[in-house]
Amino acid sequence: MNIKKRIDITKRGYRLLGKYCPGLIRAKVLAVTAATILPFAAILFSARIINEIAGEKRTGILILYVCLTIGLTFVFHLIKNAFERQASEKEAGMWNYFSKIFSDKQMSMDFADLEDVTVQKKRQKAQENLFMFGNGLAQLVWDTTGLVEVFVGIVASVSLTFTLFVSKTGNGVLDSFLWIPGLFLIMALAGIINSRFRKKENEVFEKWMDGTVWYNRTFMFYGHELYSNIARAKDVRLYRQDFTADREMQKLEDHNLKDNASLAKMSGYKGKTVLVLGVANALCYMYVVAKAGFGAFAVGSIVQYVGALMKLIESITEMFEVVSENRIYTEHLDKLYDYLDIDSERHEGNEKIKEDPQKDLTIEFKDVSFKYPGTENFVLKNISTKLKIGKKQAFVGANGAGKTTFVKLLCRLYDPTKGQILLNGKDIKEYDLKEYMKLFSFVFQDFKIFAFPLGQNISADLSYDKEKALECIKKVSLSDRYEKMEDGLETYLYKDVSEKGVNISGGEAQKIALARALYKDAPIIVLDEPTAALDPIAEAQVYSDFNSLVNNKTAVYISHRLSSCQFCDEILVFDKGEIVQRGTHNELVNDKGGKYFELWNAQAQYYK
Ligand code: ADP
């Protein structure tokens, strides 16, 4: 990766940090600046004090130097501590904010992309680079310390050593200006050699990391997911999947043992680095002492020059480290951006819905065909139909006929591959998505109830109308269960978030999902088989009960069980992605050559 790209990636990293962890970098920079200047103040005034004691011994001046040393140390300490505390408070929450980067992206992404395998791989890579190895954004935060230390350290130490090089001893060799480039060369060399070793160390680390990805995933799955996910607990026990888990975990152990060799190699490189730095330090020391010996400056200045030169070597070495670290974390950040840069293709307009949706609303599918991204076959073919205001429609047909896909297009999880969906004559893509979604209450087959309080689940909001929530609970016949909930609407569901959470049965969850749909009070309600766990007769009961609750609304009921939807004004029969029949139950059941008749007879055994 070239330098320009690395600079761009780093700058973008700081912008991300500014957005998600505001104030963190500022606090860190100020804390490190104060911490880096601190020893220089001590070095400078210690030298002055020793020179004064060895020279004129002026009491006033000595007191001034001592006061300055104590005062400056105190002030810098104060600044350092204040900002360090601020930085560490912010750093503690940093990982949560990083998670927010992902949740924001997930929410803003096209639904179609969420299912895309390449996108999922990119997300996984980005997450691994951000969380597992701590080498993405976190490294940028940690390396900011190094960057500031280098900058402040070089400026301060060069200012303090300037007089070392211009002071004269009268000795031609020691006074030669060649010492300046010479010493800098040695320091740079130490830095370069150090960074070479670091690079090798990193290569070993990278290789180790690549080899670890699979094991980490396995570990995450078998170590956490398999046992913590209660939904899997039954099967894990019945089929003793803990044996498989143990075997996979053993593989991880074996891998780690092998890795110890790589890690030992890394510490070998560290040892060599220390040796190179030792040589550079010794040379600088000798030069300063020799100059002092020849009387170029007072003996106290040795403290200043040696101290500053050591700091200079440290800073130069650190500079190379900062650069090589940057090489590593920019690679990691690049993977993060790969994911963040996935473009949203969904077109969103800003058109508002002007008509009264209760009275004046038509949704029309006009010759709509659809195939899922990355697949070959059309699962909806030339669908043309209208949702009629105030009417109850049913979509029936065998599993896989395309009913749910129709609904996914209706709620804009996907866009049609061909054709258009029109709302009052205008393509639904032209409408503001939030406004458009207000038209619908959906209850899907695989609806989810969240581990939040009951009231929050029903209202899908943090603050809500309690009376209205209670009314919905009553309507879906959940009152008996509700009475037993100690904290009422504030009762947490499931135990994931609160220990006091209550478990609910599948049937209760389904009632909560229906209550959520009622609470939204949208003009169009779509129930897509949220009753799959029920038998056909119970499902038919739920549908007709629900229908009487939403009497004046437009509703779509979906089922592969024909008996559930007999009460509807119109039934659309889906078969292999097409609408092959439509009419009332009586009309359809009497059409002996039709699909409905065929399905009805096949299913009749369940409800005769
Ligand atoms: P129904 O609701 O009538 O049971 P669906 O609309 O769920 O049918 O499915 C229609 C077809 O689309 C099926 O063949 C199904 O396998 C396929 N399908 C559903 N979801 C996806 C998806 N995310 N990616 C690819 N194919 C899908």
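**Helix packing and selected residues**

Let me start with a pair of helices: H7, residues 137-166, packs with H12, residues 301-340, at an angle of about 155°, and their axes are 7 Å apart. Please keep in mind that this is a predicted model. Since angles over 145 degrees count as roughly antiparallel, H7 and H12 are therefore roughly antiparallel to each other. The crossing of H7 past H12 is left-handed. Sorted by class, the H7 contact with H12 contains 18 nonpolar, 9 polar and 5 charged residues.

In general, two packed helices are described by the angle between their axes and by the distance between those axes.

By class, the contact of H4 with H12 divides into 5 nonpolar, 1 polar and 1 charged.

H7 has another partner in helix H1, residues 3-20; the axes of H1 and H7 come within 10 Å and cross at roughly 105°. The range for roughly perpendicular is 65 to 115 degrees, so H1 and H7 are roughly perpendicular to each other. From H1, Thr10, Gly13, Tyr14, Leu16 and Leu17 take part, and they meet Leu137, Leu140, Val141, Thr144 and Leu147 of H7. The contact of H1 with H7 has 7 nonpolar residues, 3 polar and no charged.

Now the chain as a whole. Its secondary structure comes to 21 helices and 10 strands. How far does the C-alpha trace span along its principal axes? The answer is about 120 × 50 × 50 Å. The radius of gyration of the chain is 36 Å, whereas a compact globule of 608 residues would have one near 25 Å. Of the 608 residues, 45% count as buried. As for contacts between residues at least 6 apart in sequence, 75% of them join residues at least 24 apart.

Phenylalanine 83 and alanine 31 are 52 residues apart in sequence, and their C-alpha atoms are 4.9 Å apart in space. Apart from neighbours within four places in sequence, phenylalanine 83 is in contact with Ala27, Leu30 and Ala31.

Next is aspartate 343, which sits in the loop between H12 and strand S1, 363-370. Is aspartate 343 buried or exposed? The cut-off for exposed is over 50% relative accessible area, and aspartate 343, with 60%, is exposed.

Threonine 385 is in strand S2, residues 380-387. With a relative accessible area of 6%, threonine 385 is buried, given that buried means under 20%. Not counting residues up to four places away in sequence, threonine 385 touches Ile363, Glu364, Phe365, Phe406, Leu572, Ile579 and Arg582. Threonine 385 and alanine 509 are 124 residues apart in sequence, and 32 Å apart in space, C-alpha to C-alpha.

Last, two backbone entries. Alanine 460 is not a glycine, yet its phi is positive, about 55°. Where does alanine 460 lie? It is in the loop between helix H15, 454-459, and helix H16, 466-475. Alanine 460 counts as exposed, at 62% relative accessibility.

Lysine 576, also a residue other than glycine, has a positive phi near 45°. Its place is the loop between strand S9, 570-575, and strand S10, 578-583. Lysine 576 is exposed, and its relative accessible area is 59%.

Conventions:
Residues numbered from 1 in each chain as written. Predicted model: local features only at pLDDT ≥ 70, side-chain atom pairs only at ≥ 80, totals over all residues. Heavy atoms only, no water. Axes fitted to C-alpha atoms, helices over the stretch in contact; angles between N-to-C directions. Helix = DSSP H or I, 4+ residues; strand = E, 2+ residues; numbered from the N terminus. Parallel < 35°, antiparallel > 145°, perpendicular 65-115°, else oblique. Left-handed = near helix turned anticlockwise from the far one by under 90°. Nonpolar A, V, L, I, M, F, W, Y, C, P; charged D, E, K, R; others polar. Rg over C-alpha atoms; globule rule 2.2 N^0.38 Å. Buried < 20%, exposed > 50% of the residue type's maximum accessible area, 1.4 Å probe, protein only. Contact = heavy atoms within 4.5 Å.
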